[in-house]
Amino acid sequence: MILLRTIKEEVIINNIKNIMKTNDVILVVKDNAYGFGICYMVHIAKKLNIKKFAVKSISEGIFLRSLYVESEILLLGKTKASELSFIKKYQLIPTINDYDDYLLFKEQNIGCHLGIDTGMNRFGMKSGYLAIINDGIVKGIYSHCYDSNNKQKIKFMEELSKNYLKPLHIGGSIAYKQTTATLRVGKMLYENALYFYGHIVNIKELKEEETVGYDGVYQASRPTKIGVCDIGYADGLHLYFNGRVHIRQGFYSVVGRCCMDHCFILIDDHVKIGDEVEFFGNTIAEDEFIKYNQMTKYEMFLQINHQPLTN
């Protein structure tokens with residue numbers, strides 16, 4: 001059994017506790033909790049007595065309800081008329097993203113939250129929301145922070161909440177420490193909680209000018225020893241990942257173009273077949289891996305987390 005990743009529960013719990021020192025939280029668990037698992041995050045939420053969640057789809061909401069009967073579950077994005085029966089049955093909270101949504105929920109007397117677009121132009125109302133914000137079906141309002149220019153947007157939402165006496169939550173980990181409103185957080189929950197590693201499965205001796213891997217991208221300038229690791233682009237590596245890894249007590253460079261299931265590492269005589277290869281975790285920072293892997297943290301979570309814990 002070759003372990004590909006480890007999730008550190010204590011890190012996730014500590015991340016959440018740090019947010020809870022200053023804000024109430026809504027845990028964003030869309031896309032199976034960024035790959036960490038809705039079941040797993042419900043397990044943690046119950047430990048911390050957290051009952052508020054945000055999901056992307058009806059199916060995620062129904063599944064979460066089956067795990068946590070007492071929870072409050074917000075549906076992000078658009079809702080179809082055909083989904084209203086499920087919203088009622090499973091007591092989900094849909095979002096008003098436009099006036100048609102409002103009319104739909106008003107007709108069915110469904111409690112909802114009002115999404116307000118402050119510039120991201122993804123979902124939420126950009127205008128016309130003052131005509132419906134006082135309606136009794138509107139149980140809360142929210143927006144999303146999407147860049148570093150948040151001060152005025154947050155102030156605007158806070159004033160709106162105060163003036164219309166509607167509970168407010170702000171989305172985006174970037175809003176942390178910028179407001180006392182409830183935070184709707186995803187990425188921040190999972191930072192530094194994922195450890196990613198593989199193993200050396202073969203060792204090759206290269207002569208001067210010999211190449212390794214597809215297209216011979218790397219050519220040895222002198223006699224060289226290569227460790228073949230069981231991690232490739234199917235596991236979350238970029239095709240041309242050029243960062244370092246940690247093996248035993250040392251750091252080693254990944255070279256060449258990786259394969260679907262393997263990559264190539266410049267090693268020395270200290271490295272043996274079967275040795276663990278850390279891409280990030282105890283020694284190498286998550287952010288360093290992301291930099292050299294040419295992807296965002298969101299992509300990294302989803303790419304690596306789609307793999308099983310064992311292989």
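**Entry 1: the cavity**

I began with the lining of the largest cavity and asked which element gives most to it. Helix α7 supplies the largest share, three residues. I note here that the model is a predicted one.

Next I looked up how many cavities reach 30 Å³ or more. The structure holds one. I read off a volume of about 40 Å³ for the largest cavity.

I then listed the lining by residue. T118, S143, H144, C145, N150, K153, I154, M157 and I170 line the largest cavity.

What is the lining like by class? I find four nonpolar residues, four polar and one charged.

**Entry 2**

I turned to helix packing. Two packed helices are described by the angle between their axes and the distance between the axes, so I looked up both values for each pair.

Helix α1 covers residues 9-20 and helix α3 covers residues 38-47. Their axes come within 11 Å and cross at roughly 55°. The two helices are therefore oblique to each other. I recorded the crossing of α1 and α3 as right-handed.

Which residues make the contact? From α1 I have E9, I12, I13 and I16. From α3 I have Y40, M41, H43, I44 and K47. By class, this contact of α1 with α3 has six nonpolar residues, one polar and two charged.

**Entry 3: α3 against α4**

I stayed with α3 and moved to helix α4, residues 58-67. The axes of α3 and α4 come within 10 Å. They cross at roughly 45°, which makes α3 oblique to α4. I recorded this crossing, too, as right-handed.

I looked up the contact residues on each side. On α3 they are I38, C39, V42 and K46. On α4 they are E60, F63, L64 and L67. How do the residues of the contact of α3 with α4 divide by class? I count six nonpolar, no polar and two charged.

**Entry 4: recap**

I close with the points to keep. Helix α3 has a right-handed crossing with α1 and a right-handed crossing with α4. Its contact with α1 uses residues including Y40 and I44, and its contact with α4 uses residues including C39 and V42.

Technical notes
Residues are numbered from 1 along each chain as its sequence is written. This is a predicted model: local features need pLDDT of at least 70, side-chain atom pairs count only at pLDDT 80 or more; totals for chains, interfaces and linings use all residues. Side-chain values use heavy atoms; hydrogens and water are left out. On a 1 Å grid over the protein atoms alone, a cavity is a set of points where a 1.4 Å probe fits but cannot get out, and a pocket is an open set with protein on both sides within 12 Å along at least five of seven lines; lining residues have an atom within 4 Å of a point. Grid points are joined across faces, edges and corners, and a volume is the space filled by probe spheres set on the points. Helices (H or I, at least four residues) and strands (E, at least two) are DSSP runs, numbered from the N terminus. Ala, Val, Leu, Ile, Met, Phe, Trp, Tyr, Cys and Pro count as nonpolar, Asp, Glu, Lys and Arg as charged, and the others, Gly among them, as polar. Axes are lines fitted to C-alpha atoms, for helices over the stretch in contact, and angles run from 0 to 180 degrees between N-to-C directions. Angles under 35 degrees count as roughly parallel, over 145 as roughly antiparallel, 65 to 115 as roughly perpendicular and the rest as oblique. A crossing is left-handed if the near helix is turned anticlockwise from the far one by less than a right angle, and right-handed if clockwise. Contact means heavy atoms within 4.5 Å.
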